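Have the sequence and the 3D view ready, and try each task before reading its solution.

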Amino acid sequence: MYKTHTCGELTLDHCGQRVTLAGWVHRRRDHGGVTFVDLRDRFGLVQIVADSTAHPEAHQAMEPVRVEWVVQIEGKVRARPEGMVNPDISTGEIEVDVHAVRVLNPAKTPPIYINKESEIDEQVRLRYRYLDLRRARMRRNLELRHRVIKFIRDYLDARGFLEVETPILFKTTPEGARDYLVPSRLHPGEFYALPQSPQQLKQLLMVAGVERYFQIARCFRDEDQRGDRQPEFTQLDLEMSFVEREDVIALIEAMFTELVAQVVPEKRVLQTPWPRFTYEEVMNRFGKDNPDIRFGLELVDIGDLATGCGFGVFERVIAAGGQVRGINARGLGDYSRKQIEELTGFVSRYGAKGLAYIALPSEGGQRSSFAKFLSEEALQGILERFEAQAGDLLLFVADQPAVVAESLGRLRELLGDRLGLRDPDVLAFCWVLDFPFVMWNEDEQRWDPSHHLFTAPMPEDIPLLDSDPGKARGQQYDLVLNGYEVGGGSIRIHQRELQAKVFELIGLDPEVAAERFGHMLEAFEYGTPPHGGIAPGIDRICMILAGEPNIREVIAFPKNQNARDVMADAPSPVEPEQLKELHIGLELGD
RNA sequence: GGUCCCGUAGUGUAGUGGUUUAACAUGCCGCCCUGUCAAGGCGGAGAUCGCGGGUUCGAAUCCCGUCGGGACCGCCA
């Protein structure tokens with residue numbers, strides 16, 4: 001070993017001991033006759049003192065050393081002199097009087113500041129990710145992620161779960177997201193697909209009798225990036241046999257409650273047991289199926305008041321079967337016309353054609369884009385419904401339900417940010433239940449599953465699959481945290497006939513179904529236990545627990561927005577011979 | 001596929017009403033300095049302002065194009 005101790009572990013108890021340390025030079029303070037170096041390793045920082053009188057050779061050897069050089073030092077631990085204690089670091093009471101210095105490797109001037117927090121260009125960070133990861137923030141995130149995964153493994157292991165690895169090279173499923181494909185050398189013209197999730201495989205493990213399965217599973221989806229989406233990401237994939245919805249919910253709720261207490265004790269869970277909402281309720285109250293319930297500003301329906309209110313826009317929307325809903329942005333009553341126009345621009349991104357408002361300045365009075373059209377009765381009705389008072393800003397969208405929900409749902413979270421209502425130290429978990437089993441796809445003129453093909457309908461709603469599919473509910477549950485969907489799961493179909501019926505409902509040709517999912521249907525004929533599971537997203541959960549704004553911050557080597565690895569420069573062209581072996585010819589556009 | 005924002009020494013920024021030796025901080029190099037912890041002092045080097053074209057007597061600055069990055073919409077069962 002190059003070291004007898006880690007930098008972070010030294011305390012007053014080590015005083016008088018000779019130690020050998022190795023690490024990176026974090027900072028250097030050269031006073032001429034004495035040089036201080038903060039030596040860093042993964043476990044902490046310690047001050048090294050090179051004194052020209054006591055140890056001239058060591059002092060001289062330290063002279064050329066710069067930030068991020070890798071050095072090994074030998075010295076003696078001693079208490080710092082009176083008044084020289086540094087309370088900001090764990091080893092602040094001691095220092096190491098250095099006797100010998102050995103440079104293990106010098107370093108170029110790094111393109112990233114390791115020793116201070118500052119804004120860094122995202123491309124520079126990714127290009128030099130190995131340097132970026134040296135920073136305290138990134139190290140914290142790596143450690144947090146490790147502890148989260150370690151906790152999950154231990155917790156599930158203690159409860160009889162078996163971690164099983166499933167293939168990365170598997171079969172394409174044209175449903176859902178776009179697949180990453182891998183050409184087959186041995187089978188010209190054929191392709192493997194990387195799994196979007198191990199969904200089918202975990203169900204087959206239930207058929208195999210595993211009963212309690214989990215996996216820290218890498219998943220791949222070839223879609224465009226967002227702050228919370230990477231082309232490859234990690235799920236806690238989990239499946240159980242002989243369980244009902246309540247069993248899966250109870251397990252996950254208990255596990256994450258305990259995880260938060262152990263791993264991020266400084267965070268507060270908003271409410272236990274976790275609140276549960278139906279899909280219909282969250283869409284009505286929050287406008288999203290993944291609501292942030294850390295704050296109010298809920299959506300309020302004024303459809304009844306809008307009928308015959310005198311304002312043509314509202315009346316026409318109601319007559320056309322639409323909705324009129326609003327939010328009371330309490331505290332923004334002094335927003336200027338320009339600020340409200342900016343909010344109007346914001347909701348227009350989600351299809352809203354306008355944003356009607358009634359502003360009640362804190363000084364009193366009223367400004368509104370449409371109140372002049374309203375009957376006195378309608379205006380009073382609206383103000384009463386929002387319990388409006390001076391300082392409030394009422395914002396309304398009138399449109400088809402989907403547009404109203406999305407635009408106001410997004411606006412609600414924007415306003416929550418502006419009003420400082422989204423406390424990063426609060427974790428608001430909740431469950432969203434009773435999703436529609438299928439949703440009508442207007443473009444394709446067919447029913448699409450709202451979760452996935454293998455989700456079971458509510459038993460009492462099975463007759464609806466024939467009569468009124470849109471009314472049927474699925475045995476699906478979404479895990480939501482602070483406005484992010486961090487997991488989704490369901491009780492699965494385990495009977496072949498019901499699975500075939502669902503395939504038929506969503507317009508999947510029986511022959512195609514047999515080709516794509518024949519192995520599943522066949523397996524269901526060999527004694528399949530009732531089963532269900534869930535797949536919490538590890539990256540998103542770590543992101544939220546770490547208080548980070550982007551999923552990249554909790555992934556060691558993430559891709560950039562264009563799905564590139566800018567450090568290694570992937571993807572990259574390949575040799576013609578490689579393509580030939582794979583029976584692939586390129587047809588590139590201009 | 002689309003919308004918006006960004007691109008200036010190693011790094012982070014200023015400068016954009018057209019005329020500057022392109023500024024500041026930090027880092028880097030040299031000298032001084034024995035108790036600092038973002039050490040300090042003095043001096044120095046370092047940028048053809050992402051790239052290409054255009055307008056102009058003159059462009060970091062205005063226009064067009066292009067490349068790269070970020071946020072978002074579409075997309076993500």
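**Exercise 1. Which residues of helix 4 meet helix 16, and how do the two helices cross?**

Step 1: Asn-141, Leu-144, Arg-145, Val-148, Ile-149 and Ile-152 of helix 4 touch Ile-538, Asp-539, Cys-542, Leu-545 and Ala-546 of helix 16 (contact means heavy atoms within 4.5 Å; helices are DSSP runs of H or I with at least four residues, strands runs of E with at least two, numbered from the N terminus).

Step 2: By class, this contact holds eight nonpolar, one polar and two charged residues (Ala, Val, Leu, Ile, Met, Phe, Trp, Tyr, Cys and Pro are nonpolar, Asp, Glu, Lys and Arg charged, the others, Gly among them, polar).

Step 3: Helix 4 (residues 136-157) and helix 16 (residues 538-546) pack at about 125°, their axes 10 Å apart (axes are lines fitted to C-alpha atoms, for helices over the stretch in contact, and angles run from 0 to 180 degrees between N-to-C directions).

Step 4: Helix 4 and helix 16 are therefore oblique to each other (under 35 degrees is roughly parallel, over 145 roughly antiparallel, 65 to 115 roughly perpendicular, the rest oblique).

**Step 5:** The crossing of helix 4 and helix 16 is right-handed (the near helix is turned clockwise from the far one by less than a right angle).

**Exercise 2. Which strand gives the most to the lining of the second largest pocket?**

Solution: Strand 7 does, with three residues.

**A note on the model.** This is a predicted model: local features need pLDDT of at least 70 and side-chain atom pairs 80 or more, while totals for chains, interfaces and linings use all residues. Residues are numbered from 1 along each chain as written, chains are lettered from A and ligands numbered from 1 in written order, and side-chain values use heavy atoms, without hydrogens and water.
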